[in-house]
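Here is a friendly walk through one protein model, stop by stop. Keep the 3D view open as you read.

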Amino acid sequence: MDKSFDHNIVEKNRNQKWIDMKAFSTHDLVKPPFTIILPPPNVTGKLHIGHALDNYIPDTIIRYKKMKGYDVMWVAGKDHAGIATQAVVEKKLASEGINKYKLGRDKFIQEIWKWKEEYSNNINKQWGKLGLALDYTSERFTLDEGANEAVMKVFIDLYNEGLIYRDTKPISWDVNLKTALSNIEVISTEIKQKMYYVKYPIKDTEQYLIVATTRPETMFSDVALALNPQDERFQILKSAKIIHPLTQNELPIISSESIDPNFGTGIMKVSAHAIDDIEIIKENNLEIRECIDDEGKMNANAGALRGTDRFEARELIAYTLESKGYISKIENIVSNVGYSERSKTPVEVLVKKQWFVKMKTFSEDLLKNLQSANGVKIKPIRFEESLKKWMENVYDWTISRQIWWGHRIPAWYKDNKVLVQIENPGPGWKQDPDVLDTWFSSALAPFAFLGWPKNDTKLKRYFPTNLLVTGYDIIFFWVSRMYFQSLHFMNEKPFDEVLLHGIVRDSQGRKMSKSLGNGIDPISFIDEHGSDVLRMSLVFNCTPGQDINFNNEKIQASRLFINKFWNIARLISNIPVNLSEKLDINSLDQYDLWILNEFNYMNKNIYEAMKNYEFTVVYKYIQDFVINKFSSWYLEFLKFKNNNLFIHYLFREILITLHPYMPFLTDYLFETIYNEELLETDLNNYILSEDYDSKEINNLIELITILRKYREDKQISKAQTLGYSIEEEALSKSQDIIVQKLSNFVWKENKDFSIQSSFGKIYIEQRLEDKENEIIELQKLIKTTKAEIEFNEKFINNPKFIEKASPEKVKEKRDKLDLHKKNLEIYQKQLDEKQK
């Protein structure tokens, strides 16, 4: 082995070897199954550091379960990412001077498939760099033939059950991507805005009502002013008419219970670009008169401003109103605005005919299962409450998208008739041009990726899956939808457990972004440091549900551990290997039994920690065993033992145990030292007898530690041999040699300097200068203690103090006096002994 660890040598072609040997795609049906579905990455580009964490955690668990004797199935998949992928390809074609509309739908989709193949292959290469234990033979794509069959069946079945419907409703519209969004895809964002207080004149009077609005550009769609019916002003104004300050049209004054009299001026302009407003419009049978179009520009209802961008129109309208005296005041405020999660632009509320999923039934089913004994267990448990609250207040899900890339809605139209089926009903029928929300197909992954509805072979064995690992930020986007779709179509939860991890942030706790320039490319990191270093830096610092501040300290700690482990392996590789005979536990000496006991203790604690995926705890026990027990002590003992029979039996087990946490290095060492395939090997589980007692070796370690510390504290050269003895204890010849070699202390009866250990008193022979220093220190202690006694006696012997002080204060002084008297007795005794 080379002197220094080189990740390039260790990791080269190793993942491909695992794929070629079908390490994770060969399934032993005799073993119990353990299944995870990979959160499918979008085919829109490179994996980021969050993907690395999202992949390393399940990879670690899959490898751990394989080492524990499970038939592991980690299903690989990729997401077609409808909106995101179409936007990227559209931009690429535009840069080449190609317009998607001139190209046509079919040819445009062909271009996306070409692009998908290229980027899908890139993702596979990145998976290979990470070293993921995926079953690549089972890889799925959310737009493959099997997925499409599943999606079509789900859509048609839900439509026939009345759980999918088409309706004209106010929806969130992305003016940049020109498509509908679901409520969950709208991110409420605090931004600085101006609040305009606009005067609406009351007809035939000199009076006016003031309405506060941040969106004067929507005033062209005003159809009424509204007050709460309990507002005393309503009874006075309900028969009055308002003259619109822009259009001069007459508007009625109406009432609505939804208006908060204490918010703003308590008067609301009712327009077509807010969901609450539209509900009021419908309740009062008023006209929905939109003034903003699909592109976020003013339409014909805005008159001379037609074609003007909505935000530009806002400024122009405010200027016009102010110049005509219709603005009473303007305030600078901070308020929430809905932004598209996809395009990062402010959404517009438009009334459009779309397809929706009725969520009431699904919500009830999910909540009932979640709260049952058989419900999905979410870790950390606090996120169960988050999911519960979300489902209790969920809106119907807008599932149609006005794009071309995706599962096309199987609905056909002719003469105001609608048929929902896969095949074209015949001449004159036109298929809905829209496609389904990407999350609609992703929600079916737990069962569709296992063959549903066509083939149930894998379903019978691997469904429900055992675990889902994903970020807490998509619990509503994805986790909830998989949950209710599985309950509906499989009558079963999709997974037993959900493990939610946090976001990877920079060293300052900031979210990584292009604008901050603080992003970390995991592939570049691996090229520089190696996959195992990145894995350990992320996984061993990951606590369920909490964000990670990724910093250099974490990286260096991982590098140091791996370098240390490499050096340990180099040392062991120089010891001849003989594993031909089955190990006889009875042939092991006390040092072997001790390290085996420590190894089993580590394994036991890893097992307990892995139940709850407490990787930080796992690392604590690995670090303690490898560095503090195995390297610092056992390898030292090995130099003085009669044989090294056990070392390779043990190190082989160590490599297997640590494989999930640093797979590349352990696999390389196993192959190099033992000429075997680690992933084709099982743990031996060497068991000690129940009456084994590690006390003798633990005492030896404690003794050496105490002797070393004494030398360090007294700043005595390591080259100087010192003497020691132990009260009523004796060491074996081999132990005596070990103490001498590891501390440069030899046995010499004495009573010079005593140190209390867990097994008795240790006496250390002192040099003349040490004795003199001890006498000086004891004399100082005696002087100080006498002063403390005199100080406390003044209080105890003072009748006034005893009379006035509280009983607690008196007791405190008596206790201190007693303590100092006892200490004085001890110090005086020690001094007398030193001066003999």
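In which helix does isoleucine 737 lie? Isoleucine 737 is part of helix α25, which covers residues 733–743. Please keep in mind throughout that this is a predicted model.

To place the residue in the fold, look for glutamate 702. Along the sequence, 35 residues separate isoleucine 737 from glutamate 702. In space, their C-alpha atoms are 16 Å apart.

## The domain record

A UniProt entry, which is unreviewed, carries the feature "domain: Aminoacyl-tRNA synthetase class Ia" and places it at residues 15–418 and 429–550. For the span 429–550, the model shows 39% helix and 18% strand.

## Where α12 meets α16

Helix α12 runs over residues 382–392 and helix α16 over residues 475–490. Their axes come within 11 Å and cross at roughly 80 degrees, so α12 is roughly perpendicular to α16. The α12 side of the contact is made by Phe383, Ser386, Leu387, Trp390 and Met391. From α16 come Ile475, Phe476, Ser480, Tyr483 and Phe484.

What kinds of residue make up this contact, sorted into nonpolar, polar and charged? Eight are nonpolar, two are polar and none is charged.

## Two cis peptide bonds

Most peptide bonds are trans. The bond from lysine 379 to proline 380 is cis, with omega near 0 degrees. Proline 380 sits in the loop that joins β14 (377–379) to α12, the helix that makes the contact with α16 described above.

The bond from tryptophan 452 to proline 453 is also cis, and here omega is near 5 degrees. You will find proline 453 in the loop between α14 (445–448) and α15 (457–462).

## Positive phi in two loops

Most residues other than glycine have a negative phi. Lysine 22 is not a glycine, yet its phi is positive, at about 55 degrees. Lysine 22 belongs to the loop between α2 (14–20) and β1 (33–37). Its relative accessibility is 48%, so lysine 22 counts as partly exposed.

Asparagine 685 likewise has a positive phi of about 55 degrees without being a glycine. The loop that holds asparagine 685 runs between α23 (663–674) and α24 (695–713). Is asparagine 685 buried or exposed? Asparagine 685 counts as exposed, because its relative accessibility is 53% and the cut-off for exposed is over 50%.

## Methionine 195 in β6

Strand β6 covers residues 186–201, and methionine 195 is found in it. At 13% relative accessibility, methionine 195 counts as buried, because buried means under 20%.

Which residues does methionine 195 touch, leaving aside its neighbours within four places in sequence? Its contacts are Ala212, Thr213, Thr214, Lys329, Ile330, Glu331 and Ile333. Valine 334 is 139 residues away along the chain from methionine 195, and the C-alpha atoms of the two are separated by 9.3 Å.

## Lysine 611 in α20

Helix α20 spans residues 590–611, and lysine 611 is placed in it. Lysine 611 has a relative accessibility of 41% and therefore counts as partly exposed. Between lysine 611 and lysine 241 there are 69 Å from C-alpha to C-alpha, with the two lysines 370 residues apart along the chain.

## Cysteines

How many disulfides does the structure hold? The count is zero. Cysteine 291 has a relative accessible area of 0%, so it is buried. Cysteine 542 counts as buried too, with a relative accessibility of 3%.

How values were computed:
Residues numbered from 1 in each chain as written. Predicted model: local features only at pLDDT ≥ 70, side-chain atom pairs only at ≥ 80, totals over all residues. Heavy atoms only, no water. Axes fitted to C-alpha atoms, helices over the stretch in contact; angles between N-to-C directions. Helix = DSSP H or I, 4+ residues; strand = E, 2+ residues; numbered from the N terminus. Parallel < 35°, antiparallel > 145°, perpendicular 65-115°, else oblique. Contact = heavy atoms within 4.5 Å. Nonpolar A, V, L, I, M, F, W, Y, C, P; charged D, E, K, R; others polar. Disulfide = S-S within 2.5 Å. Buried < 20%, exposed > 50% of the residue type's maximum accessible area, 1.4 Å probe, protein only. UniProt positions renumbered as here; feature names shortened; annotations may be inferred.
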